[in-house]
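Dear colleague,

I am passing on the structure below, together with some notes on what was found in it. Please read the notes with the coordinates open beside you.

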Amino acid sequence: MGKLYETLMLDVRFQEGLNACINCGTCTAICAAAEFYNYEPRSIVDTVQTKDDEKIIALLKSETIWYCGECMSCKTRCPRGNAPGLIIMALRSLSQDMGYFVESEKGRQQLALKRTIGAWILSTGYCVYLEGVGTDLHPEQGPIWDWKQKNWSKVFERLGANYRGNGPGILRKIPEETLDELREIFRITGGSQRFQQIEDCSKKKAQEMNLNLDDGIANEYFQHIYKYNSQTHYRDED
Amino acid sequence: MKIEGKQALWKDYQKEIADDNYFYVRSCIRQSFFPGSETAFLNIMRQDLGKDVYEHPCHTTCTGIGYHSDIVPLETTMTVVARQFALMTEAGYKNYVPSCVTSFGLYTEILDIWHHFPETLAKTRENLKKATGREFQIPENLAHASDIIYKFRKEIAAKAKYKLINKSTNQPIKVVEHIGCHYSKMFPSKGVGGAEYPYVLVGMIEEWGGEVIDYPERRHCCGFGFRQYLVQANRGYSIACSHKKFESMQPFKPDLILTNCPGCPMFLDKWQYAIAEMEGKTYGENGQGIPVFTYEELAGLVLGYNPWDLGVQLHQVSCEPLLDKIGIPYDADKKYEGINGQKLGIPEMPLTLKCC
């Protein structure tokens, strides 16, 4: 048995997700990602089952593991109780732990997620905090979103929110002591280390790609990973 | 009575839902996009149904969006969830009610992991104690907020001012329901009706007078896909999933799309706008879209709440065609007002999608 397979087996999601796949392809048939991307969850499970370190390393460096949307439709339908979605989550964790995620276009996007969702979690206590996030980044949100952004606190007040207020309620200010607890949980359970690993690996990759990367999102590397699509990921329609 | 056939199958997918004294935790996405829905849920529970619902000011994100974007490790997420349970325990509650379906799925997943791998529960208790000094009990009852409205659907029907009936034709309003994937695809036994035939929204629609319309892609994901929407370069995945659903449901001419997940109504609403602007294609009547509602909004409407108190003016697809069909009155001049009638201007009109 390869060492990486042993490492994957330490992740309870991997143990829960893999119960001897029979390669029937049901997961691929139901998979929303397989319909859009050049992607087969069946093949991922097949590769992992070889327990071959070289093949697993190739997977960890690949685009493939980043195509899944984690809808978990595969878990419902697998006749053997496998969950390729959970296997993917274990692979993505390992890819980040080993620094391989920056070797793929889709993997590099982890920094964008860390600097948006991750930053919001630790600074506000919410996983999305959207005041000021406009239709320049989210054009699909439409003119109603522009109107809402323009009148943000008044709209929330109208709809019964306690916007940035003390006490309970919608989009209340989460107390600093609570945020300290959250940060301490991240510190002692590996969350902060994961964030640091994403930062460190991304900085090295940015240098290698000759792209500027400083704090925040207004830099070349962030804008590149957030917006760039090589258009090589899709299923051949023919 | 002997229970067999479909009845026996259905029996496996009933779930116990507590009938009072709830510890409510909010959804990051629902608060941001549909604040009126959470306000309506609490008003319905407390004022219309007389229930005790407690909200702790110090609860936070469950980290679910970060966890499913794979930036937050499982051990971290389990400890944040444990902290939420600690707040419930400290407040003296046992019935845990998340507003978010991603959260609900995450709680069911973590409780399952703790059950199968007790050492992870022990480690989580240790981590939480070390980080915060807190201790927790596992909830006696875990139900999504839509489960609670489902449980009281008959009581709501009894107090309803409006039925889901088209007042012009006297026919039931035709509704397609969309269940958030993480409600029951991971753990079918934890959702009312399971994963293939979830009944949580169907029960509301039927009880309130509407007709549920089946269509081929009923169970397909709305396309959130976490990183597939959150990163701009990947959003083609998201719109493609919603597009597949719209194309599949359109021939059945639904009057309404009803959802139970915070993200799904936003995607199914906004992607209709994007498809209209990109391709000139619209899915509703007369160049409009198909209105998309949360279950709290629909419950509020049938109970006679002012539509603008529910926040349906924040949808990009206009809600008025549905209100008109049912005969729910509204004051168009007040649609975009703040409190005390403050005028906030009006949004621009999309180029293609017709809006009221």
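Does Asn21(B) count as buried, exposed or partly exposed? Asn21(B) counts as partly exposed because it has 14 C-beta neighbours inside 10 Å, where 20 or more other C-beta atoms within 10 Å make a residue buried, 12 or fewer exposed, and anything in between partly exposed, with C-beta atoms placed from the backbone.

The model is a predicted one, in which local features need pLDDT of at least 70 and side-chain atom pairs count only at pLDDT 80 or more, while totals for chains, interfaces and linings use all residues. Residues are numbered from 1 along each chain as its sequence is written, and chains are lettered from A and ligands numbered from 1 in the order in which they are written.

Most residues other than glycine have a negative phi. Asn21(B), although not a glycine, has a positive phi of about 60°, and is found in the loop between helix 1 (5–11) and strand 1 (22–25) of chain B; helices (H or I, at least four residues) and strands (E, at least two) are DSSP runs numbered from the N terminus. Asp70(B) likewise has a positive phi, near 65°, and its place is in the loop between helix 4 (64–68) and helix 5 (74–91) of chain B, but Asp70(B) is buried, with 28 other C-beta atoms within 10 Å.

As for the chains, 69 residues of chain A are in contact with 73 residues of chain B, contact meaning that the C-beta atoms of two residues, placed from the backbone, lie within 7 Å.
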